[in-house]
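Here's a quick tour of a few packing details in this model. Have the structure open as you read.

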Amino acid sequence: VTRKINLYTVFVEQSFNLLQPHGRCGIIIPSGIYTDLGTKQLREMLFSQTELGNLFSLSNERFIFEGVHHAFKFCLLDFDKGSQTSSFKATFRINPREAIRKEELGEFLHNESELVTIDVNFIRQLSPDSISVMEFKTELDIQIAQKMIQFPLLGEAIEGTWNLKLSQELNMTSDSHLFKTEYAKGRLPLYEGKMIHQFTHNYAQPRYWVDEVERRQAVLGKKSVDNGQILDYQCYRLGVRSIGRNTDIRTLIVGSIFKNAFCGNSILVLSEINKISDLQVIYLQGILNSFVVDFALRQKVSANINMFYIYQLPVPRLTEKDPYFKEIVERTAKLICTTPEYNDLAKEVGLGSHHNGITNETERAKLRAELDGMIAHLYGLTEAEFTHILSTFPIVPNKVKQDALTAYQETF
């Protein structure tokens, strides 16, 4: 990753330095130039020291670049040195199968109907920590983003309400000496990204176990005394898959992590759990697994999800006293609490036990549709806006999207 970022830096800065004042430059470079956190300084340079003209993004579907995965994305951008950028024209996810021939590509890139105008100040508002450029395809995308940004970003620390803190718990390489390949007394399962899916904690079985005493001492540190204090791994948590492409069926995958389990670095796991209640953790899972929030995230990421992307998601900080909170928690809990490990959580939310969780796929689909419709209303989206969001998930079955839209229509 460091080498890739250094190459970005060298390539763009050399191009910039070679230019005469007010000289113009066009470059082809991986799409991380406008999304990745590690290239933030390059974006800052482009915005503050050049006038960015156009930004075009396309995948490698036709293997334009040999030896590069077909899903890898590149972008073509041009800029003038010696000025500043207030806004620029862009188009994303160009399909090379439709626009790859030289004469057609030129016509496509100069077709104003294919371009959107992106305001740099709006980018800074949406992504203050990374100034990442979202992949807006239409003006309607920008309109939806403007509505969503009315809510605080998850990374903002707000007094008087709950706040989110994520971490990487165990590294699959540097901590591998802690991993055991067989279960034994005193060992706890190690969760990896492939073991979770939306509202599901048992998508795959664990490969490794970790000695609890050994890991506790590592967390507490050599100078700390283990007095049996409650640590994060002993609580109900949520985990975010750190691998997620915006071309997948869903990009943001958030699963539940039950008590007494550790997580590898392919999961961004909730930490400082004492600062957020179980009900708020459940609520947050419902929100993050929605089409609306997934839509916002998949406009920013290319292949990897880090905590900075999650922190820049606008999410209503609802609590027990707010409308929708109870309804979202009740439905999400029924999707999560389906095995004995969740009996305590089921009791806390009023389900009684995991036996009252929902395992029937038809009923689970109905609950998920209701959540999606409700959350679209929570963000103040119109039916046309929600319909547009659903249309940006081409691999999701039409019935799933139609059920979500019907639930939206029936909410009010």
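## Strand 13 and its partners

Strand 10 (residues 237-241) pairs with strand 13 in the antiparallel sense, with 3 bridges between them. Look for Gly 239, which sits opposite Val 269 of strand 13. Keep in mind that this is a predicted model.

Strand 13 (residues 267-270) also teams up with strand 6 (residues 166-167): the two run antiparallel and are joined by 2 bridges. Here Leu 166 faces Leu 270 of strand 13.

## Helix 11 against helix 13

Next up is a helix pair. Helix 11 (residues 325-336) and helix 13 (residues 361-378) have axes that come within 10 Å and cross at roughly 150°. With angles over 145 degrees counting as roughly antiparallel, the two helices are therefore roughly antiparallel to each other. The crossing of helix 11 past helix 13 is left-handed.

Who does the touching? On the helix 11 side it's Glu 327, Ile 328, Arg 331, Thr 332, Lys 334 and Leu 335, while helix 13 brings residues including Arg 364, Leu 367, Glu 370, Met 374 and Leu 378. By type, the contact residues split into 7 nonpolar, 6 charged and 1 polar.

## Helix 9, tucked away

How many of the residues of helix 9 (residues 291-298) are buried? The count is 8 of the 8, so helix 9 is largely enclosed by the rest of the structure. The buried set includes Phe 291, Phe 295 and Leu 297, but also Asp 294 and Arg 298.

The cover over these buried residues includes helix 6 (139-148), helix 8 (278-288), helix 10 (307-311), helix 13, helix 14 (383-391) and helix 15 (398-411).

Conventions
Residues are numbered from 1 along each chain as its sequence is written. This is a predicted model: local features need pLDDT of at least 70, side-chain atom pairs count only at pLDDT 80 or more; totals for chains, interfaces and linings use all residues. Side-chain values use heavy atoms; hydrogens and water are left out. Axes are lines fitted to C-alpha atoms, for helices over the stretch in contact, and angles run from 0 to 180 degrees between N-to-C directions. Helices (H or I, at least four residues) and strands (E, at least two) are DSSP runs, numbered from the N terminus. Angles under 35 degrees count as roughly parallel, over 145 as roughly antiparallel, 65 to 115 as roughly perpendicular and the rest as oblique. A crossing is left-handed if the near helix is turned anticlockwise from the far one by less than a right angle, and right-handed if clockwise. Contact means heavy atoms within 4.5 Å. Ala, Val, Leu, Ile, Met, Phe, Trp, Tyr, Cys and Pro count as nonpolar, Asp, Glu, Lys and Arg as charged, and the others, Gly among them, as polar. Two strands pair if DSSP finds at least two bridges between them. Buried means under 20% relative accessible area, exposed over 50%, partly exposed in between (1.4 Å probe, protein chains only).
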